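The sequence and the structure are shown first.

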Amino acid sequence: MARRALITGITGQDGSYLAEHLLAQGYEVWGLARGQANPRVSRMRKLLADVQVVRGDLLDQGSLISAVERVQPDEVYNLGAISFVPMSWEQAELTAEVTGMGVLRMLEAIRVCSGVSRGGGTRSTGQIRFYQASSSEMFGQVTETPQTERTGFHPRSPYGVAKAYGHFLTQNYRESYGMFAVSGILFNHESPRRGAEFVTRKVTLGAARIKLGLAAELRLGNLEARRDWGFAGDYVRAMHLMLQAGTPEDYVIGTGRMKSVRELVEAAFTAAGLDWERHVVCDQTLHRPAEVDLLCADPKKARVQLGWEPTVSFDDLVAMMVESDLRLLSEGGDPDQDSSWP
């Protein structure tokens with residue numbers, strides 16, 4: 001009988017790649033979706049016809065219990081979140097409710113449906129394994145570089161704070177109830193399916209628009225911020241591997257190499273055959289209220305214990321995204337309704 005997975009955030013970048021990966025592994029895949037007429041769900045069904053949808057909302061405990069009871073999953077991947085960091089200052093309360101409290105509600109739904117009590121006893125249907133999408137933004141103002149599973153947190157945004165809450169809560173349920181609950185501390189991971197509001201996609205779309213004569217300049221904030229960027233398709237493999245391990249543990253996932261936003265811009269404009277210095281304008285109004293200057297992963301534990309390695313280089317990732325955006329815009333596509341993914 002095929003293993004069954006439930007994914008929150010199924011219509012996002014990570015949810016799409018994870019669903020594809022699990023389907024290829026022979027899983028029966030369910031996606032949690034809220035609302036009765038979600039256009040992103042309709043588009044997802046066209047691209048991933050084998051994914052089944054169950055209604056539920058990370059803001060509603062009862063709906064999550066109903067979803068888990070209906071699906072009876074072997075694995076739950078909690079990817080749903082208000083994930084655009086700048087928005088978390090504008091919608092701090094919603095970010096806390098979805099990105100933070102949503103983790104609590106999903107863990108409680110699993111605990112209730114599995115019949116878990118303190119001491120780790122479960123009903124005969126078996127233990128549901130839980131993956132929480134933690135974030136490198138939890139490190140914030142870093143205390144050491146590179147960052148490992150033991151590095152302390154100093155988040156610099158409401159998003160990072162909410163992610164830290166969900167991370168510690170996942171640990172707490174593992175220790176209090178004996179649940180197989182793990183967190184993947186994922187560093188920045190991108191793809192052509194990344195939302196147009198994120199800086200990597202903003203840069204590759206900007207380069208593509210200028211190349212095609214649709215724009216003359218690209219306005220950006222802090223060009224000196226440095227991040228550890230990888231390919232989202234690689235990172236979902238790590239999520240799956242974490243839930244196949246013999247014991248539940250948390251893992252840092254990244255490439256171990258930093259690049260600045262300036263280097264990202266240079267790579268994207270080079271891929272488009274452009275000189276970035278002729279087109280990019282630095283705009284102080286686009287800086288974050290509290291900036292995270294650098295993030296760099298030490299993924300040694302994942303490499304040694306899970307056998308996980310990234311396969312796509314930084315330059316290849318950026319070139320892949322630029323090529324995809326050139327194709328999208330040339331065909332008259334809308335980046336906010338990207339045809340490569342809902």
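W308 counts as buried, because its relative accessibility is 1%; buried means under 20% relative accessible area, exposed over 50%, and partly exposed in between, with a 1.4 Å probe and protein chains only. The model is predicted, so that local features need pLDDT of at least 70 and side-chain atom pairs count only at pLDDT 80 or more, while totals for chains, interfaces and linings use all residues. Residues are numbered from 1 along each chain as its sequence is written, and side-chain values use heavy atoms, with hydrogens and water left out.

**Aromatic pairs and charges over rings**

W308 forms an edge-to-face aromatic pair with Y235, at 5.5 Å centre to centre and 85° between the planes. Rings of Phe, Tyr and Trp (its six-membered ring) pair if their centres lie within 6.5 Å; planes under 30 degrees apart count as stacked, over 60 as edge-to-face and the rest as tilted. This pair links distant parts of the chain, since Y235 is in helix 8 and W308 in the loop between helix 10 and helix 11, 73 residues apart. Helices (H or I, at least four residues) and strands (E, at least two) are DSSP runs, numbered from the N terminus. Y235 is likewise buried, at 0% relative accessibility.

In the whole structure, a search finds eight aromatic pairs. One of them is the tilted pair of Y77 and Y131, with 6.0 Å between centres and 45° between the planes. Y77 lies in strand 4 (residues 75-78) and Y131 in strand 5, so the pair ties together parts that are 54 residues apart in sequence. Y77 and Y131 are both buried. The two pairs are set out below.

| Pair | Geometry | Centre to centre | Angle between planes |
|---|---|---|---|
| Y235 and W308 | edge-to-face | 5.5 Å | 85° |
| Y77 and Y131 | tilted | 6.0 Å | 45° |

An aromatic cluster is formed by F139, F153, F168 and F187. Charged side chains also meet rings: R193 lies over the face of Y17, at 4.0 Å from the ring centre, and the charged end of K301 sits over the ring of Y251, 4.7 Å from its centre. A charge sits over a ring if NZ of Lys or CZ of Arg is within 6 Å of the ring centre and within 35 degrees of the ring normal.

**Nonpolar cores**

The largest nonpolar core has 34 residues, of which I7, Y77, Y131 and I253 touch the most other members. A nonpolar core is a set of buried Ala, Val, Leu, Ile, Met, Phe, Trp, Tyr and Cys residues joined through side-chain atoms within 4.5 Å. Among the elements that give two or more residues to this core are strand 1 (4-8), helix 1 (13-24), strand 5 (129-135) and helix 11 (314-330). Helix 8 gives the most, with six residues. The core draws at least three residues from each of domain 1 (4-189 + 231-253) and domain 2 (196-227 + 258-295 + 312-340); these bounds come from an automatic or database domain assignment.

Leaving aside neighbours within four places in sequence, I7 is in contact (heavy atoms within 4.5 Å) with residues including L18, L22, W30, Y77 and L79. Another core, of 25 residues, lies apart from the largest one and includes L58, Y173, Y177 and M179.

**Helix 7 and individual positions**

The 13 residues of helix 7 (residues 199-211) should span 18 Å at 1.5 Å a residue, and the end C-alpha atoms are 18 Å apart, which agrees; the expected span is 1.5 Å times one less than the number of residues. Its buried residues pack against strand 7 (189-190), strand 8 (218-220), helix 9 (261-271) and helix 11. One of these buried residues is T204, which has 0% relative accessibility. Not counting residues up to four places away in sequence, T204 touches A268, V318, M321, V322 and D325. Just after helix 7, G213 takes a positive phi of about 75°.

H21 is found in helix 1 and is buried, with a relative accessible area of 18%. Beyond residues up to four places away in sequence, H21 touches V236, R237 and H240.

E224 lies in the loop between strand 8 and strand 9 (226-227) and counts as partly exposed, at 44% relative accessibility. E224 and V261 are 37 residues apart in sequence and 6.0 Å apart in space, C-alpha to C-alpha.

**Overall composition**

The protein contains 11 helices and 13 strands, and 53% of its 342 residues count as buried. Among contacts between residues at least 6 apart in sequence, 78% join residues at least 24 apart.
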